[in-house]
Structures are given as C-alpha cells and as structure tokens.
Amino acid sequence: MRIILLLPCFAFLFILTNKLDAQVKPPVTTQTIDLSGEWLFQTDPTDIGVTQKWFNKQLADKVKLPGSMATNNKGDEITIHTKWTGSIFDSSWFLKNEYAKYRQPGNIKVPFWLQPVKYYVGAAWYQKEVTVPVTWQKKHIELFIERSHWETTVWIDGQETGMQNSLATAQVFDLSKLAVPGKHTLTICVDNRIKDINPGPNSHSISDHTQTNWNGMIGKLVLRSRPALLINDVRLFPDVKNKQVVAKLKIENGSGAKQATISLMATSENKLAAPLKPLIKTIALTDTTTEVEIIYPMGAKPLLWNEFTPNIYSMKVSLQQTGAAKDEKNVLFGMRSFTTIGSRFAVNDKLTFLRGTLECAIFPLTGYPPTDVSSWMKIFHVAKSYGLNHMRFHSWCPPDAAFEAADRSGFYLQIECSSWANWGTSLGNGLPIDQYIYDESEHIVKDYGNHPSFCMLAYGNEPSGKNYVAYLTQFVNYWKKKDNRRLYTTGAGWPNVADNDYQSASEPRIQHWGEGLKSIINSQQPKTDYDWRESIARWSMPVVSHEIGQWCVYPDFKEIKKYTGILQAKNFEIFQETLAKDGMAQLADSFLLASGKLQALCYKADIEAALRTPSFGGFQLLDLHDFPGQGTALVGVLNAFWEDKGYITAKEYSRFCNATVPLARFPKMIYRNNETLAVPVEIAHFSNTALTNVVPAWKITDQTGKVLFKGELPKTTIQPGNGIKLGAINQALATITAATKLILTVRVDRYENNWEFFVYPATLSRSRSDFMITQELDQSAMDALANGGKVLWTLKKGTVGFEKGRDVEIGFSSIFWNTAWTHGQAPHTLGILCDPSHPAFKDFPTDYYSNWQWWDAMTHSNAIILDSVAKGLQPIVRVIDDWVTNRSLGLIFECKVGKGKLLVSGIDLIEEINSRPSAKQMLYSLEKYMGSEKFNPTIEVEPGKIMSLLQ
C-alpha cells in the first residue's frame, strides 16, 4: 500500500498538535539491553559446531565484545604455513635466502603487510545469557550487531533465527517469536571465510592488506525492543529548489492496528536556523507493510549543506497508534543536491572540484574501523587541513559514525559495495557475488542514504569478468532510477560507460601503472604547463582521476613503536635490519626526509595538473596516508595513523591542494640568464563565493628570502571555476649572474602558492688544465692516475655492469606504489641525498634532496653499487635505494687510485652537454671543485676495482 500525503495548512497542524498534547502521551518504548562485555567463546577450525549443535552447549573459552578474536588474543600463531586471505604477488619471502631467518619459528616477519599478533579464518562461536524483561511482552525484539565480520548465524535457546552477511551495515535479527520474557542463551557463529560469495580476496572489506580479515563483532551490540507497530525505513529526499524534504517511510505493522499517527519534526543544531514546525498526519495501515510519502517544508530559508557550511538537520519521525507505545527514529540529513553541470560536479548548483584521498580500512591498532564519531572527526579534520574535501572508501563501506563525522566536517564521500572483483572472482557471470552486490548496495543506501556526505556510489574497485560491463551498466541504471540523492558510476577505475553519472578514469595522472620511465614526470623535461583536457575530451560528464600519486617515501623506523595494538610493523623491522646490515642505519632519517621532499614534489605536480585542467571533476589520491599492504606501499605524506612524517606540513601541502589555488604554467623549470621568464598565471577557485576586485601579486625571491623581482597582475573578480587566466609574468633574468635557485610566489587575496626554479649563467668560463675528463677509463686515464693526476670519469648511461648497478633503474620520480607489487616497475629509487655544503656544489646550488635541477642528472645516469668499489664508501651524491633491497648506491663519489685522484660521475656530463643546462652547470661546479685544494679524496681503491664497474 502506498499513500502520498501533502502538507495541510499550519493552522490545522497547530490545533491538532495542541489536541494531542492535551492527551496522555504514551512513552517511547524502544529499550535496549547492552550486550557488551564478557561472552563465552570457542573456535571451530574443523567446522563441526553446527553438526555437534554447539548452540546447545556451553562454550569453553571467554572473550570481550565488542572486539575481534585478535583484540582478545585469540587465534593461531603466524607461521610460514599461515593461509592468508589477501593475494601475495611477490613470493620472495617464501623462497629467497635473505628472508630465511624471517621464516623461522619465533622470528616470523612478513614483508607484504602489517603482521597480526594472531590469525584465524573460519567459524568462531560466541555465547551469552540474556534476560528479557516482562515489559517486553508482545514487543518487536531484535538483536542489533553494528558490524559483524562477516557471515553471522544466530540461535536463541538452540533455535536458529537466520543468517546475515553484510560487510557494510549492521546485522539485525528479529527474535520476537523466541525472546519471550525470561532467561535465554544467545549463541552466534561468525565465519570470516570466503565461501560461495567471493567479493575478491583483496577487497579492503576483508583483506589482510589493510584492516585484516578479522573475526568478531564491533560497535553497538544490543538487544532492543520496539513497538509491534514500527518504522522500518526512513528515506529523506531533500528538494533544495522547493525548500522541502520528501520523506518516504516504510511501516511494519505487527500490531493489527488499522490506523496510526505519524509526526515529522526537523531541527537544527545551528542557532541561526529558523525554527520549524511539526507535521502530523493520521494514516490508514495494511496488515503488513505500508509505504507513506510526506512532503515536509523546510521554511523560507533552510540552511544548506556543503563543504564550507556543513549544516545538518535531524528529522524526528514518530509513529504511534492511539493508546499504544510510540516508535521513533531520529535521522540526520542535509539540504543539499549533488549533481553535475556539464562535465563539472555541483553542490546546490554551485561548482565544486573533488580533492580526494582513499581510505582503505587502515586501522593498525585494532585491525577494524572505529565506530565512534570522534575517531572519524579526527580523520576528517586532518584530511581537511591538507586541503581535501572528498574521500573514497576503496572496496568497503565505513560504519555510520564515519558518515556522521563527514556530515559534520563537510566531506563528499564515495562509497563502494565491499568488493574488488578482480583476482579470484568476477562480475556478470552469474556467480553469487552478482546478487550480493545488489543486496549490499540496498543495505548501504537504506542505512546510510540520508547522510548528506553520501554523494557517490560505485559497485567497488577495478572489476573483471566476461560480462562485467553489461552487468555494471545495468547496476548504474538501476540506482539512477531508484534514488537521485547521489551520483553513480560503474566501478572505480573502469569501465567508463556512457550511462555513468561520472567517470572514474586512470588516464589523467603523471604516472600510470606499468608506464615506468616513460611517464610525463620521468620522460619529459620539468614543466607545469600540461593538463588533461585531451584525455577527458571524449566525456560529457565529470571525470575523476583514479588513484593518482602512489609516490613512495622511505620508511620511518621511528614509527615501529607506534604499533601497540594487534598489528605489528614486522615489515619495517625487516627493512631496518637490512639497512643496518648494509652499514647505513645512521642514514635512515635522512633517507626519510630526502625521499619525502621528492615525494611531496611529485604530489604537487600531480595535483596541480588536475587543478589546471578545465572542465575536470577532480582527483582521488592514493594516498594522503600510507597503505600498509600489497608489499608495503609507503605512499603517504602521513603515516598509517594520519600523522605527518616531518617533511611537509598541512599548511605547506594546502598551498597547492585547496578550494582556491593560484597556478603558474612554467614551460620549463631550468633557465639560462639570457632568457626571459614567461609564465602564464591562472587560478582554480571553487569556494562558496567569488573573489571580488582582487589584485593578484607575484614575487621572485632567492634562497635567503631576498625579493629580486615583484609585480602585480590586473585587478579582477574571480567566479568559481578553474582555468581562469590572471595574466602573465614576463621577467628578464639577466641580473642573475650566478647559479641560483629562485622561488616564484603568487598571491591572490589570502591564497598563496609557490614554485622553485633554477637559473644558470649562459656563459661559463673554464680555466681547467690540470685534470682529465673522460667517458672511457682507458690507458691514458689510468696512466694519469698512476702518475698522480686528477681524472673526472663521467660514465655513459648503461655502461655500468649488471652486478655493479645497471639493473637499478633510476628515474627522476620516486618509486611508484612499490617494486614488489608492480614486479619491479621503474624507477627503483627514491631520489638523491647529498650534503648541500659540500664544495662540489659551490656552483651547483642544491638542497639535500632531489629538486627539478636533478631531473637531467637522474635521466642520464647509472646508479653505482658502492660496496662493489669499496666497503663503506661515502659518496658525494647518494641515490636512495628501494627499502626492500637497501643497497648503498652512489651517483658521484671520489677516491684515490694509485697516486692519483679520481672523481667518478654516474651521470653522463658530456653527451649533448650544450643543450643540457643543468648538466653543464654541474660539470662546471665539479671542475671548479677538482681544481681546488678541497678535492682531496682519502679512500684508496685498487685500479682493478674501478675498472670492474664496467664488467
């Protein structure tokens, strides 16, 4: 039965309300029994519990709930034979000798993810005695488990009440027929095995890679009674244009009543909100389910919800029959629309740009997500401080507390239906997962669909299957027709079909999976004038770039002590021990900071390219914080605890990642002083309001902060959007006579952004005569060394022997994701580390880390394994190796050979040198150094060792 009710006049409502107030008001009789605390417990590894009727016996062990087996220290010890849930793509740990000691009992350490203290996959039984009060007689009684992981079967006094298996929502069991007043034994079997329904072993809803495949029950765990006439579902559809909410209610009638009264009342926590009035109606009921639609007015000026003004309302929905108990639901909602305008997203018809990160169920202390609002508020607070407004939940759905925190924080969420149907499973082939996706989406929308933060829905991540495109197209159209409160896409990453409300595409980013050294950042000269308009041109709807970034940083070994819960950083311990074995333990913090500066530079390049792209929808980072699995992917500027690592602050990051960001289109980052800096300036501005009559200003400073040049651009008013041209900077560089790092800062109103670029003299005077420069360490070079001469040996790229460093593929960028999961995708290194005060850099200004001036060196170089030359050799320029291998790598080093002095450059400083200003300047600086008294190497190396570098 479906009833559509329109609002009567408020005069009638006032009279009706007063009349009801005059009557005796029955109490709201929803009551709860808290089931948290001690439960009896028993594991069932051989799966005999059902056949042996464990629901009729007292279990032998004890645990505390809410919690998991791991938080109760239950399960099996980790061994080499542990049958993990997640896929392991690198078998090195099982086979290679260097990991042999980590495969021994008592010293098990796995490198592919955080290691749980205990592990168990299978059935586990939980049992508790409960007493149902007399006042619950003839009430609707239900068991509410906020989150169970995952297949859950319930018995009361030995009688089965059903099975549920949602990974995304609460599991609620109707116990009305069995839970009569008195004592009862409640027995629950939770099974975390992948059975017929396979969402994919790497889905973050179940995988060891992140939250662990835990077994247990968390969050609110209660027995509750409700009236026999109850509200089953409340779906609120805000209508911003008409300043009203359409409430769609589903009522379950177990009371036999023929009619009831419904009351709706919206309130706001914001004191500026105008008070609203209750709406009360009497409705006719069927014997089972009645659907009701009511239009509730929100007043003349309802407060709207978006990222800047996250105004939320609470709708109290009350249902009662005369003289009986009242059932109530309080539902959070917001007055917002999330739609598209052409190829842009719009919130309440105002353009927005998604600046997002992923959340992959990474909770190292518990292995499962928090269910309290405060924990999630902290996460969104941190993300917002880094300039973000969007979060994608990769192949999982968070608890209700996350939605409420996002509502209050002003975050736009993309939710996914618990699946990454790729390895080990597929979609559209008639497998049980096909129906499960629909079931899971229904659960998600029912439980969380009223939250204004719930703006986007996808089936899950990167699907596969013979018929997955047709299946997911149908899925999108099903939800587009059913619920217009959010936007829908098939899957994260693909498939991109015309029926999608928006596309999730991996093309718009500066490094793609498998691209290696052919990517923009590694194969093209440094610049900031490119964007993604060509790659998105074929789509008329918004495009969100899928999993951009994935830039790695060296591990922070100080982080190990933070793992005080059920997950331990044994992977970090392996990497730390390897570093120490290779004699570089003292460099760990330096590696972290230097690689972190390069990582931040790569993220800035990725994010600004997205912001420069006109008609673009936004980006989803992978990730703002570290991903601990898939071989250990240290891709965050924050660690797994959402804490910064010491090399970039939220304030610095939010200069290039924010609602408003000034942008500069540098055609290159390296200049000679006979050139003019010609840089168009624009802005991305997605704030609530226009910037009125602002005067953009710019300045160029040197490393000391001294202002060398400055200027203003024309006064303008900036409406929301991007690709908005502000003017151009044209500045001659002739007054820069020495090699210099410069910083361009552009300020628009209170928003600033800056870029570092480099200027070198166009003419370099050389006066060398006392040393040799060679690419061939031939007999004449060896003779010079034997006779006490000086030699600069600059190797051609690719000439170092395979066991000396040729197999180490260097690029400018940091490692993408990691080398283990990508089967060794290049680059294999994390930038350079050097001492900027070393005299070799007197005429080649540098920081201790890679910046744009090192791009040329890194793309024309060989890494040299220093231990193959001399154990403990300390280079002038070190290359930071992959944390898995931790080799001591050099780019430039010096040594004594015979009576002579040798400077070895793994960088080719000869080929096409006149078209390579950074290389030319570096060569000049090295020549000056070699001509000085400060060039005095102390480490002696045999000639044969030097010659062996080419073998």
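Colleague: How many helices and strands are in the chain?
Modeller: Keep in mind that this is a predicted model. Counting along the chain gives two totals, one for each kind of element. The chain has 16 helices and 49 strands.

Colleague: What radius of gyration does the chain have, and what would a compact globule have?
Modeller: The C-alpha atoms fill a box of roughly 110 × 70 × 45 Å along the principal axes. With 951 residues, a compact globule would come near 30 Å, and the value for the chain agrees with that. The chain has a radius of gyration of 32 Å.

Colleague: What percentage of the residues count as buried?
Modeller: A residue is called buried when its relative accessible area is under 20%. Apply that to the 951 residues of the chain, and the share that counts as buried is 62%.

Colleague: In what order do the strands of the six-stranded open sheet stand?
Modeller: The pairing in this sheet is antiparallel. Neighbouring strands are turned by 30° against each other on average, direction ignored. Read across the sheet, the order is 4-3-7-12-9-10.

Colleague: Why is one side of strand 4 and of strand 10 left without a neighbour in the sheet?
Modeller: Strands of a sheet pair through backbone hydrogen bonds. Strand 4 covers 61-65 and strand 10 covers 159-164. Both stand at the edges, so one side of each has no neighbour in the sheet, and each has a single partner strand.

Colleague: Which residue is the bridge partner of Thr 153 in strand 10?
Modeller: Strand 9 spans residues 151-156. Strand 9 and strand 10 pair in the antiparallel sense over five bridges. In strand 10, the partner of Thr 153 is Met 163.

Colleague: How many bridges pair strand 7 with strand 12?
Modeller: Strand 7 is residues 123-132, and strand 12 is residues 182-191. Glu 129 has Thr 185 in strand 12 as its bridge partner. On the other pairing, strand 3 (residues 37-44) joins strand 7 through five bridges, with Phe 41 partnered by Tyr 126. For strand 7 with strand 12, the antiparallel pairing counts ten bridges.

Colleague: Is strand 7 mostly covered or mostly open, and how many of its residues are buried?
Modeller: Strand 7 has ten residues, and it is mostly covered. The number buried is eight.

Colleague: Which residue stands opposite Val 661 in strand 35?
Modeller: Another open sheet has three antiparallel strands in the order 33-35-40. Strand 33 (660-664) and strand 40 (721-732) are its edge strands, each pairing on one side only. Five bridges join strand 33 to strand 35, residues 676-685. Opposite Val 661 stands Ala 684.

Colleague: Which element gives the largest share of the lining of the largest pocket?
Modeller: About 1,500 Å³ of space lies in this pocket. Of its 44 lining residues, the closest to the centre are Phe 144, Val 172, Arg 224, Lys 329 and Asp 447. Elements giving two or more residues include strand 8 (140-149), strand 13 (216-226) and helix 5 (432-448). The largest share, six residues, comes from strand 20.

Colleague: How many residues of the lining of the largest pocket are charged?
Modeller: Sort the lining by class. There are 15 nonpolar and twelve polar residues. The charged ones number 17.

Colleague: How much space lies in the largest cavity?
Modeller: The count comes to five cavities of 30 Å³ or more. The largest one has 13 lining residues, and the closest to its centre are Ala 70, Lys 118, Tyr 119, Tyr 120 and Trp 214. By class, its lining has seven nonpolar, four polar and two charged residues. The space in the largest cavity is about 120 Å³.

Colleague: Which strand gives the largest share of the lining of the second largest cavity?
Modeller: This cavity holds about 80 Å³ of space. Its lining includes Asn 306, Phe 308, Tyr 412 and Phe 686. By class, that lining has five nonpolar, four polar and two charged residues. Three residues, the largest share, come from strand 23.

Methods
Residues are numbered from 1 along each chain as its sequence is written. This is a predicted model: local features need pLDDT of at least 70, side-chain atom pairs count only at pLDDT 80 or more; totals for chains, interfaces and linings use all residues. Side-chain values use heavy atoms; hydrogens and water are left out. Two strands pair if DSSP finds at least two bridges between them. Helices (H or I, at least four residues) and strands (E, at least two) are DSSP runs, numbered from the N terminus. Axes are lines fitted to C-alpha atoms, for helices over the stretch in contact, and angles run from 0 to 180 degrees between N-to-C directions. On a 1 Å grid over the protein atoms alone, a cavity is a set of points where a 1.4 Å probe fits but cannot get out, and a pocket is an open set with protein on both sides within 12 Å along at least five of seven lines; lining residues have an atom within 4 Å of a point. Grid points are joined across faces, edges and corners, and a volume is the space filled by probe spheres set on the points. Ala, Val, Leu, Ile, Met, Phe, Trp, Tyr, Cys and Pro count as nonpolar, Asp, Glu, Lys and Arg as charged, and the others, Gly among them, as polar. The radius of gyration is taken over C-alpha atoms; the globule rule is 2.2 Å times the number of residues to the power 0.38. Buried means under 20% relative accessible area, exposed over 50%, partly exposed in between (1.4 Å probe, protein chains only).
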